[in-house]
Amino acid sequence: MSNVYIDQFPAEAKVIRAAFYSSFLALALGGVFGIIQTLHRTDFLRFMDSVDYYTVLTAHGVFLVISFTIFFLVGIFTWAVTTSLDRGLEDIRFTWGWYSLMAIGITMTGVAILAGFTDAIDMSASVLFTFYAPLQAHPLFYLGLVLFVVGTWVAGVDWFRSWWAWKAENPDERIPLPTFMVLTTMLMWYIATLGVAAAILLFLLPWSLGLIETVNPLLTRTLFWFFGHPVVYFWLMPAYMMWYVMLPKFSGGKLFSDPLARVVFVLFLILSVPTGIHHQYLDPGIAEGFKFIAMTNTMFLLLPSLLTAFTVVASMEHGARQRGGEGYFGWLKALPWRDPVFTGMALAGLMFAAAGFSGMINAGMNINYLVHNTFWVVGHFHLTVGTAVALTFMAVTYWFLPQVTGKALWSRSVALGQVVVWFVGMTFMSNAMHRAGLLGVPRRTAEPQYEGFEFQAAVGSIGELDAQIALGGVLLTISLGMFFANVVGTALNGRSDDLPANEYAGALSGPDDAPLVLDNLKLWTAIAVVLVIFAYTFPLLSIIDRGGLFGPEVIPFPLTVESATTLGFALETAASTSFESAGEIATSALTAVMR
Amino acid sequence: MSQATEESASEPSAETIREIGHDEYDPVGTFALIGLYFLILVFLWFFMYFVEFLGNDPTVVSGTAVVVALV
Ligand code: HEM
Ligand SMILES: [Cu+2]
């Protein structure tokens with residue numbers, strides 16, 4: 001029997017395949033919308049009404065950052081748990097259950113969005129992927145999102161079940177690194193999604209159904225960003241996992257340090273959530289002190305990212321030196337640049353380093369004011385989720401697809417070309433987006449061309465920037481075409497019995513060097529929860545205190561007038577009093593500390 | 001069924017021309033690269049000052065709230 005994943009775990013391979021194909025479908029749709037909006041904005045090709053631009057943009061955002069990324073990561077998480085524990089999932093029907101929940105949910109959401117293109121159906125959800133109130137979507141949109149997220153929760157339970165069963169049989173062993181990464185990521189995700197679940201279930205869905213008449217937009221926004229920042233780590237941590245457990249292998253070496261990798265994931269679990277307010281530096285109604293706290297937490301988050309940079313580069317260097325590389329920089333030449341899996345991941349990492357700079361600009365409270373809601377931000381996240389994550393996922397597909405289909409990759413050279421074209425295209429598009437943002441060009445705008453007003457460029461011109469953005473967009477679209485050619489070509493291939501074995505990188509410094517406390521998931525979860533309570537209680541209470549739980553006035557409800565208003569009023573009073581007293585305590589504590 | 005992958009993964013691949021263990025490995029190249037990255041970051045920070053602040057009025061976070069919180 002071979003050592004290919006599909007032979008080791010045939011049933012699981014099938015689920016992973018389904019997740020991958022769902023992910024790729026979303027990527028294809030998202031890509032089509034991406035090029036449409038690029039050409040529309042830059043005024044190279046406008047074949048639709050500018051009103052529809054926002055439907056296109058919603059579809060682009062939701063399909064790419066919700067369905068593409070998350071379907072892909074549940075696939076590799078399933079691979080990671082089964083491979084590293086060396087056991088199948090406990091009950092494959094349960095696994096298909098969560099996959100189906102996710103698939104049904106995202107289909108509902110997708111239908112609600114796409115229905116916005118036609119007047120034949122009275123349905124739309126052009127609310128962009130942040131669905132800020134007062135933009136309102138059809139209830140199907142929110143319901144679908146709920147089902148999708150619940151699906152991911154159940155998926156997490158599936159992986160925890162595997163781990164519990166394994167632990168019962170291996171009581172004295174360390175959690176294998178890939179499983180450790182999956183579990184910490186899921187714990188972070190459980191905490192993070194509480195925010196969006198509250199926003200949707202308590203406010204937006206009832207509001208969209210007509211059960212309540214108003215919501216407090218600042219409250220739902222804040223709950224969104226409670227989830228909206230950590231969701232970026234939900235995309236990134238699987239990419240990091242690939243950099244830690246796969247990239248060293250493809251470089252020809254070993255992971256530099258298993259303990260350091262664990263520390264990084266623990267830090268992400270702890271620090272991801274209490275930072276969301278850094279997306280709201282410009283929101284009126286949140287005190288600057290709270291924003292300052294969010295900024296401080298954000299700066300701490302740089303630590304695990306820098307640790308990652310060090311560990312990952314050191315692992316690559318180890319590979320290069322084993323392959324004969326020499327010198328301070330000469331070793332770079334000894335890396336396997338002809339391997340699309342390696343090159344894709346390395347280029348993705350390089351782009352992420354560039355994104356590190358624009359991210360530091362975004363994170364600074366006062367500098368943020370200069371770039372907030374400009375095209376700069378779009379440039380930034382096409383480097384992070386749009387490349388560090390997306391390109392890593394596409395690159396590892398070239399290794400995973402053969403593993404879960406048992407078929408050889410259709411073309412390695414097309415694959416290599418694909419990752420390079422993506423890198424070049426994104427360099428053009430993202431760099432020009434950053435520069436346009438500095439000139440004040442807004443994001444989320446169908447026609448950022450204004451009569452009687454010119455953006456002042458010190459270097460270059462708007463026309464030049466638009467041309468670079470459009471060129472970059474076209475290259476990215478070509479790259480996607482090459483990617484799908486490979487996916488389809490591989491699917492049409494026959495079974496191969498000449499595939500590499502299913503294995504991940506070993507570590508130079510293994511788990512035995514890691515302090516035991518790192519594996520104490522309960523402890524880290526508890527700390528994470530406490531930090532979230534610290535960071536969010538006061539801001540949330542003060543938002544409710546000022547704007548009301550359901551909006552500025554106390555609104556009478558059609559059905560449950562008595563109960564709901566009483567509850568709302570009680571909550572409000574409780575909130576304001578506790579906020580006041582808590583505020584006093586905080587002030588006195590602060591003054592005490594500062595002295 | 002393949003064994004715990006850790007072991008098989010540590011086998012040298014075809015292109016490996018030498019084994020480097022934990023103690024012999026000194027990641028100087030990594031320090032060089034990361035050092036270079038830091039230099040670029042520092043340069044960009046200075047550059048940011050010229051791009052943003054000299055051309056515009058300064059953006060000020062109304063100092064009091066932050067300062068009070070710190071004092
Ligand atoms: C063919 C490749 C792509 C092209 C041409 C493209 C182009 C664009 C453009 C021009 C915008 C800005 C529209 C505006 O603000 O008015 C945008 C927004 C966005 N893109 Fe992409 N993109 C591509 C790939 C991706 C990928 C791979 C991801 C993530 C995995 C992504 C995620 C997003 C998100 C989240 C937004 C913001 C949506 C919003 O503001 O609501 N894009 N894209
Ligand atoms: Cu964020």
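**Exercise 1.** Classify A:His279 and A:His278 as buried, partly exposed or exposed.

*Solution.* Step 1: buried means under 20% relative accessible area, exposed over 50%, and partly exposed in between (1.4 Å probe, protein chains only). Step 2: A:His279 is partly exposed, because its relative accessibility is 25%. Step 3: A:His278 has a relative accessible area of 10% and is therefore buried.

The model is predicted: local features need pLDDT of at least 70, side-chain atom pairs count only at pLDDT 80 or more, and totals for chains, interfaces and linings use all residues. Residues are numbered from 1 along each chain as its sequence is written, chains are lettered from A and ligands numbered from 1 in the order in which they are written, and side-chain values use heavy atoms, without hydrogens and water.

**Exercise 2.** Identify the protein donors of the copper ion (ligand 2) and their spacing in sequence.

*Solution.* Step 1: donors are N, O and S atoms within 2.8 Å of the metal (3.2 Å for Na, K and Ca); water is not among the atoms, so sites may look incomplete. Step 2: A:His229 (ND1), A:His278 (NE2) and A:His279 (NE2) lie 1.8 to 2.0 Å from the copper ion. Step 3: the donor residues follow the spacing H-x48-H-H.

**Exercise 3.** Describe how many helices and strands chain B has, and its buried share.

*Solution.* Step 1: helices (H or I, at least four residues) and strands (E, at least two) are DSSP runs, numbered from the N terminus. Step 2: chain B contains three helices and zero strands, in the order α-α-α along the sequence. Step 3: of the 71 residues in chain B, 24% are buried.
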